[in-house]
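Please take a moment to look over the fold before reading on. The paragraphs below go through its open spaces and then a part of its surface.

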Amino acid sequence: MILWYLLFGIGFGVILQRSHICFVSAMSDPEITGSTEIFRSILIGILTSSLGITIMKYLSNGALDLLGVSTISIPLMFGAFLFGIGMMLAGTCASGMFIRLAEGCMVHLFTIPSVIIGYLIGTKHYTTLWSNFIVDAPVIFLPHEIGWSAGIVSNILIILLLYLAARKYESSTAISYQSNYLYGAICLGILNVLHFFVLKSTWSITGAFFWFGELSTVKVDSLMAALGPNLRNFGLFLGAFLSVLVCKKFHIQKIRSYKQILKSVIGGLLMGYGACIAGGCNISAFFISAASLSLSAWIFLIFLFMGSFVGIKILYKLL
């Protein structure tokens with residue numbers, strides 16, 4: 001099972017690096033360049049993934065229904081907002097920081113530990129502060145609320161409406177990079193389905209950081225829970241690094257200034273803290289959750305966009 005975590009991590013890393021799918025660009029491009037190409041590709045990836053995951057959930061007789069489904073709560077909204085600001089300041093998301101580091105972007109040597117620290121800060125007072133808002137928060141798995149047929153159709157309609165809205169919003173002068181965004185997003189969706197089928201768990205990035213705070217107390221029977229997700233993150237880096245080496249495109253991107261380090265650290269702390277209280281990041285709380293027919297994913301997306309917008313404005317001030 002440990003080997004599967006590593007292999008899936010490598011697969012995700014290769015796909016993300018080769019396709020250049022970037023969740024930061026998906027959130028920022030509509031504001032900066034007018035392009036929604038990456039965002040629309042991610043939506044298609046979610047649609048692809050949701051079809052396979054829905055079938056497995058339906059056939060599980062309820063055993064897998066709530067896998068990847070989160071509560072709709074104040075911590076989810078506020079966490080998504082903070083995460084959006086953080087990823088704009090750091091110039092990367094939870095998955096992207098491993099990919100960019102593998103490509104030689106040295107500033108993310110500061111981003112990754114900052115995200116981990118931010119996450120661990122969140123865990124220190126999560127029970128006393130944020131859990132109170134989650135106790136009575138609704139957990140909305142669409143098929144449980146309106147039936148399987150209506151739930152599946154509703155999720156597909158949300159995806160299609162967002163796709164059409166993004167397409168209509170896109171500026172006629174928006175730059176098209178002619179990259180493999182769409183193919184990459186579809187491959188990401190398919191690999192996510194395989195991950196769900198083999199491991200009976202969902203892909204996450206920041207969830208693995210919880211175990212950094214439990215190293216002194218982790219028990220033998222918890223080693224799989226601790227090692228697997230972190231090994232998958234290492235595989236994410238390794239897959240991207242191997243992809244870069246094969247393409248002969250690896251080059252060191254030196255740190256330009258102390259300001260770049262400062263933005264990376266502050267952004268990383270906000271990303272880690274936000275992911276902790278929201279119960280996930282751009283991968284688990286949005287991409288995976290949306291594919292799992294959880295309404296919380298679309299709430300997360302709204303506040304992620306809001307935080308990204310604020311983050312962009314802060315960057316304009318700093319520049």
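A pocket, on a 1 Å grid over the protein atoms alone, is an open set of points with protein on both sides within 12 Å along at least five of seven lines, and its lining residues have an atom within 4 Å of a point. This is a predicted model, in which local features need pLDDT of at least 70 and side-chain atom pairs count only at pLDDT 80 or more, while totals for chains, interfaces and linings use all residues. Residues are numbered from 1 along each chain as its sequence is written, and side-chain values use heavy atoms, with hydrogens and water left out.

The largest pocket holds about 540 Å³ of space, a volume being the space filled by probe spheres set on grid points that are joined across faces, edges and corners. Its lining has 21 residues, and those nearest the centre are Met88, Leu89, Ala90, Gly91 and Leu315. At least two lining residues each come from helix H2 (23-32), helix H4 (74-90), helix H12 (258-278) and helix H14 (296-318), helices being DSSP runs of H or I with at least four residues, numbered from the N terminus. H2 gives the largest share, four residues.

The second largest pocket has a volume of about 310 Å³. It is lined by 16 residues, of which Ser70, Gly207, Gly279, Gly280 and Ser284 are the closest to its centre. Helix H13 (residues 282-291) contributes the most to this lining, with three residues.

Notes:
1 Å grid on protein atoms, 1.4 Å probe; cavity = no way out; pocket = protein on both sides within 12 Å on 5 of 7 lines; lining within 4 Å.
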